[in-house]
Amino acid sequence: MKVFFPGWPLAMYRELMVHVSQLTGVRATVVLRTEPCFDYTLDQVANLDLEVNVGAEVQRLAQILQGYARKFPEIPAVLEDRALNLLDLTALSGLLAQAQRPAPRP
């Protein structure tokens with residue numbers, strides 16, 4: 001699942017990544033843009049990639065994402081190329097639950 005916050009600095013993505021990675025069944029990775037030419041007018045982060053495994057703390061993950069959305073209400077969230085209302089906790093929890101996949105085997 002890809003989440004993007006247009007205008008967020010890299011430090012905020014890293015903070016969110018560390019925060020949600022502490023949850024059981026959630027793995028997060030910051031994906032940087034790969035354009036060959038650096039452009040100061042573009043976000044340098046492509047997205048935050050969230051891997052939500054079956055049994056993950058989906059409700060808590062939704063609450064954390066919602067908390068970050070409240071810190072920066074002027075910045076929209078984009079989930080898998082569509083606008084996402086992080087303040088709608090019920091809808092967000094449902095989307096995260098649908099994204100769950102079996103945990104990788106060791």
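**Entry 1. Strand β1.** I began with the pairing of strand β1, residues 2-4, and found that two bridges join this strand to β3 in an antiparallel arrangement. I then looked up V3 and noted L48 as its bridge partner in β3. I record here that the model is a predicted one.

**Entry 2. Strand β2.** I turned next to strand β2, which covers residues 26-32. I counted seven bridges between β2 and β3, and this pairing is antiparallel.

**Entry 3. Strand β3.** How many of the eight residues of β3 are buried? I found six, so classed by the cut-off of under 20% relative accessible area. Strand β3 spans residues 45-52 and is thus recorded as mostly covered.

**Entry 4. Order of elements.** Read from the N terminus, the elements follow the order β-α-β-β-α-β-β-α.

**Entry 5. Whole-protein values.** I looked up burial for the protein and noted that 36% of its 106 residues count as buried. The accessible surface of the protein comes to about 6500 Å². Carbon and sulfur atoms contribute 55% of that surface. Finally, I examined the contacts in the protein with a separation of 6 or more, and 65% of them are between residues 24 or more positions apart.

Key. Residues are numbered from 1 along each chain as its sequence is written. This is a predicted model: local features need pLDDT of at least 70, side-chain atom pairs count only at pLDDT 80 or more; totals for chains, interfaces and linings use all residues. Side-chain values use heavy atoms; hydrogens and water are left out. Helices (H or I, at least four residues) and strands (E, at least two) are DSSP runs, numbered from the N terminus. Buried means under 20% relative accessible area, exposed over 50%, partly exposed in between (1.4 Å probe, protein chains only). Contact means heavy atoms within 4.5 Å. Accessible areas come from the Shrake-Rupley method with a 1.4 Å probe; for residues, only the protein chains shown count as cover. Two strands pair if DSSP finds at least two bridges between them.
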